[in-house]
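Hi everyone, thanks for making time for this. I'd like to walk you through one structure, and please keep it open on your screens while I talk.

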Amino acid sequence: MNKLIEQKPELTKGIIDELIKQKKEKIGAGYLTDQGALFLIASDYGVTLSEPLKAEMALKDLYAGAKEISLETRVLNLSPAKQFSRKDGSPFYLRTMTVYDTNSTASVKLWDEKANLPGIENLKPGDLIKIIKAYVKSDLDGSPTINIGSGSNIETTDTESEIPTIDTITKDVSELKEGQRDLVVSGMIDGIISEMQFTNSRGQPGKALRMRLKGKEGIGMRVVLWGKDESEIPNMISQSAKVRLLGVRVKSGNQGLEIHGNDATIIEIEGGKEAEPVIARVLSLSPSENGRNLILAVDNNRNLYNITDFSNSTSICVEGDVIECMPSKVYGNSITLDNNSFVRKLDNDESIPTISQIRTKINDVKVDGNYCIEAIVLKVPERREVQTKSGESILLSEMFVEDDTGQIWVKGWRNQARLVDKCELGEIVSITGLNSKAGLEGRIELFLTPFSKITKKN
């Protein structure tokens, strides 16, 4: 109607509505839609409406049941195509995509041959696309979802657009709020990256990547990326590497807000595929556990490293040795050694600090740090069982220690509880590999890790 009025200004909406009514009465209402009547009226006035019958709409205007819609959007992320089976056993493919425009996001499902459209794998976050003749259905959570079937299509376009770029919509970790979804989030690696395996509600095995990101204001947040594994991240990731996650949501977890992603989430991490040699001093060697050696080491920049050795190549080392190792993976301060790694002992290098040089006084401990301390036990260790939200009962042992600057609680969960249990009142202990966290009433507490070791000095 707008196109017709543009070319025939003498027509108004009221006049056109009346003409549509007359046209339908003349032809027969059972044979003609309002849009069809409009095409015939335009022809009567010598105007050709060349565009097909479609509705150009914004993502915020989507509603379940809409058909033959066409939109211009940008790609946020794209999942791999997956094969499923229908009830009759015949296979079909499905790929999901998240798109966004100026003020909204939406999920897109590409069915059967559309899941493997030529060039679909080359779509990148931020690419401008046109979705043509799609239909909208309600998703499981009730939100409208765009469906690309046999009569629909996707085309890339390089026209000018008011839709913001990916960089413009990226949020820092410190800006996040509960319930936000379809986000692009940036931050820095804070600690280790680990892969976990689990069994889903259908009894199928799955994997997930876990990490922690720190924002501009030092605010940290736990990240779980379901369906992701270590093959999707670089082998060499420096401490405090920049990270961007595309297509995540914020939800409340056991320890506050968490960032959750899925197999469609795109991970961008600064780093390289080739690991580089690390030279460090061995501070402590923990007993072999599950076929691996756990070592705490420090480099000449006073960076602490947690080394997990699956190859037993560190069996040549003793505490205090300076070693050079070629790891298979380095994720922040977490180093993995396997059968493709090598380790050799070097001559003593005085530029690399010793355990006594990197110890921290209790008064200097800050939240979210990694520390080694030396202190005297002021309170006999206490053991108790703590029940988690999931109903699991886990051991917690804790003791109160001090040095000449202050006092602090040292706690150990599960296996680390046994280390605390062995300490006695009045003993002077050297403890390596502690993590500091904010406890009750804002006081800082120290927690043992799998890389911790307690050595009795007296």
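How do the residues of the lining of the second largest pocket divide into nonpolar, polar and charged? They come out as 16 nonpolar, 19 polar and 11 charged. Before I go further, please keep in mind that this is a predicted model.

Let's stay with that pocket for a moment. The space in the second largest pocket is about 1700 Å³. Its lining is made of 46 residues, and the closest to the centre are Lys82, Thr96, Asn262, Asp263 and Ala264. If you colour by element, you'll find several strands giving two or more residues to this lining, among them strand 3 (82-85), strand 4 (91-100), strand 5 (105-111) and strand 7 (144-148). Strand 12, strand 15 and strand 16 (256-261) are also on that list.

The structure holds four aromatic pairs. Take Phe92 and Trp111: with ring centres 5.9 Å apart and planes at 35 degrees, this pair is tilted. Phe92 sits in strand 4 and Trp111 in strand 5, 19 residues apart, so the pair links distant parts of the chain. Phe92 is buried at 15% relative accessible area, while Trp111 is partly exposed at 25%.

Now for charges. How many salt bridges does a search of the whole structure find? The search gives 29, and I'll show you three of them.

In one, the side chains of Asp167 and Arg244 meet at 2.7 Å, N to O. This bridge links distant parts of the chain, with Asp167 in helix 4 (residues 166-169) and Arg244 in strand 15 (residues 242-253), 77 residues apart.

Another bridge joins Lys207 and Glu195, with the closest N and O atoms 4.0 Å apart. Lys207 is in strand 12 (residues 205-214) and Glu195 in strand 11 (residues 194-199), 12 residues apart. Lys207 is partly exposed at 34%, and Glu195 is partly exposed at 28%.

Then there is Arg383 with Asp421, where the closest N and O atoms are 2.3 Å apart. Arg383 lies in strand 25 (residues 370-387) and Asp421 in helix 6 (residues 416-421), 38 residues apart. Arg383 has a relative accessible area of 45% and is partly exposed, as is Asp421 at 29%.

Most residues other than glycine have a negative phi. Glu68 has a positive value, near 50 degrees, and is found in the loop between strand 1 (55-56) and strand 2 (69-78). Lys133 also has a positive phi, about 55 degrees, and this residue is in strand 6 (residues 128-138). Glu68 is partly exposed at 36%, and so is Lys133 at 32%.

Strand 6 also holds Ile129, which is buried at 0% relative accessibility. Leaving aside neighbours within four places in sequence, its contacts include Leu71, Val75, Met97, Val99, Leu123 and Ile154.

Finally, over to helix 3 (residues 34-44). Its buried residues include Gly36, Ala37, Leu38, Ile41 and Ala42. What do the buried residues of helix 3 pack against? Their partners are helix 1 (2-7) and helix 2 (13-27). After helix 3 comes Gly46, with a positive phi near 75 degrees.

That's my tour, and I'm happy to go back to any part of it.

Terms used. Residues are numbered from 1 along each chain as its sequence is written. This is a predicted model: local features need pLDDT of at least 70, side-chain atom pairs count only at pLDDT 80 or more; totals for chains, interfaces and linings use all residues. Side-chain values use heavy atoms; hydrogens and water are left out. Helices (H or I, at least four residues) and strands (E, at least two) are DSSP runs, numbered from the N terminus. Buried means under 20% relative accessible area, exposed over 50%, partly exposed in between (1.4 Å probe, protein chains only). On a 1 Å grid over the protein atoms alone, a cavity is a set of points where a 1.4 Å probe fits but cannot get out, and a pocket is an open set with protein on both sides within 12 Å along at least five of seven lines; lining residues have an atom within 4 Å of a point. Grid points are joined across faces, edges and corners, and a volume is the space filled by probe spheres set on the points. Ala, Val, Leu, Ile, Met, Phe, Trp, Tyr, Cys and Pro count as nonpolar, Asp, Glu, Lys and Arg as charged, and the others, Gly among them, as polar. Contact means heavy atoms within 4.5 Å. Rings of Phe, Tyr and Trp (its six-membered ring) pair if their centres lie within 6.5 Å; planes under 30 degrees apart count as stacked, over 60 as edge-to-face and the rest as tilted.
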